[in-house]
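Please consult the sequence and structure shown here.

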Amino acid sequence: MKRGFGKTSKGEEVSSYTISNASGMSATIIDMGATIVKLEVPDKDGNIRDVILGYDDAEGYEKGSTYFGAIIGRNANRMANGRVVIDGVTYQMDQNDNDNNLHSGLNGVDKKIWTVLPMTNNSSVTFICKSNDMEQGLPGNVTMTVTYEISDDNTLSITYDAVSDKKTVINMTNHMYLNLKGHYKGDIEDHLLTLDASCYNPVIDSESIPTGENAPVEGTVFDFRTPKQIGQDINEDVDQLKFVGGYDHNYVIDGTVGKMRHFATVYSEESGIQLDLFSDQTGTQFYSGNFVGEQLGKGGFAYHKRSGLCLEPQYIPNSMNFIAEGEEMSPIFDAQEKYHTVSLYKFSVK
């Protein structure tokens, strides 16, 4: 189902597309940024709840700085000093987060109008976008495709494909902010979180650039291998938490990279909604929404610090600068080498 969603400041028409299944689950995605703006799932009482943060129209997403629900590309997360060296050539991206590049800077695909392929059913929709050579300071004309699909078992799949005509960085993700009680129902500190990760990536300082170390979670506040409330340790006097105001770290997920495997479980006792995340990626950035800030979201509801959490499957942040090209965990892709990854968000009630 296609509907109008307002206009950008440039006068571009923005449209929304809703996909659904027979179980009452639906997702609405706009063509600006291929951004998911609504995700409705049944709770333990059979009522439908919208479990992601967002805005009511295109203007909100254009002005917003928190990347609610957007596709991030070409490169998710941070790149130290906004620089990467490819085949001996240094490429400079925007330094839009202190001295670093965050989420591809001012020309990220999150603000672009994507092309929508004709919908052949009510349960899936595909978006295509082109990032031109040097548009983000990176080489190559890159074509990106993202498909959202809802299955009958209440799983939302996001499939990412991309290819470039030059060697370049490709590392995409989706930036959904989840609150399983409902997007307007307080913070997420009472959510139970499980992460299938024996290691995480510490950051150097408050600029959130990883040290490159895979540090064991055992015996630390970063251990979510068994279910733990997000708020249990979030305010502890630990430098890694104090640097970023809570959790905002990449977790290296156990298992074989490239194989679909369980990443995380999130559960809200209040709603009875459980989310199980599966992906074939290297890891996931767990962000506890520390910098959502005071703002108005959908329906005029107030959002604030930790109103939502993000689980963003991706390559290790800044790994293009410390993992050798050609290794399986490097986000640098040769010309015509295909980038392909899938993430599954399976919802259930307990």
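Two strands are taken as paired if DSSP finds at least two bridges between them. Helices (H or I, at least four residues) and strands (E, at least two) are DSSP runs, numbered from the N terminus. The model is a predicted one, in which local features need pLDDT of at least 70, side-chain atom pairs count only at pLDDT 80 or more, and totals for chains, interfaces and linings use all residues. Residues are numbered from 1 along each chain as its sequence is written, and side-chain values use heavy atoms, with hydrogens and water left out.

**Sheets**

The protein chain contains two helices and 29 strands. Five strands build an open, antiparallel sheet in the order β19-β18-β21-β24-β27. Because β19 (215-216) and β27 (310-314) each have a single partner strand, one side of each edge strand is left without a neighbour in the sheet. A further open sheet comprises nine antiparallel strands, ordered β11-β12-β13-β14-β29-β23-β22-β17-β20. Its edge strands, β11 (115-116) and β20 (228-229), each pair on one side only.

| Strand | Partner strand | Bridges | Bridge partners |
|---|---|---|---|
| β17 (residues 192-195) | β20 | two | Leu-192 and Gln-229 |
| β18 (residues 199-201) | β19 | two | Tyr-200 and Ala-215 |

**Overall dimensions and surface**

The C-alpha trace spans about 60 × 50 × 35 Å along its principal axes.

Of the 350 residues, 58% are buried, where buried means under 20% relative accessible area with a 1.4 Å probe, protein chains only. The accessible surface, from the Shrake-Rupley method with a 1.4 Å probe, comes to about 13,600 Å², and 46% of it belongs to carbon and sulfur atoms.

Contact means heavy atoms within 4.5 Å. Among contacts between residues at least 6 apart in sequence, 65% join residues at least 24 apart.

**Thr-8**

Thr-8 lies in the loop between β1 (2-7) and β2 (13-20). With a relative accessible area of 7%, Thr-8 is buried. Leaving aside neighbours within four places in sequence, Thr-8 is in contact with Val-14, Met-32, Glu-62 and Ile-113.

Definitions and conventions: Buried < 20%, exposed > 50% of the residue type's maximum accessible area, 1.4 Å probe, protein only.
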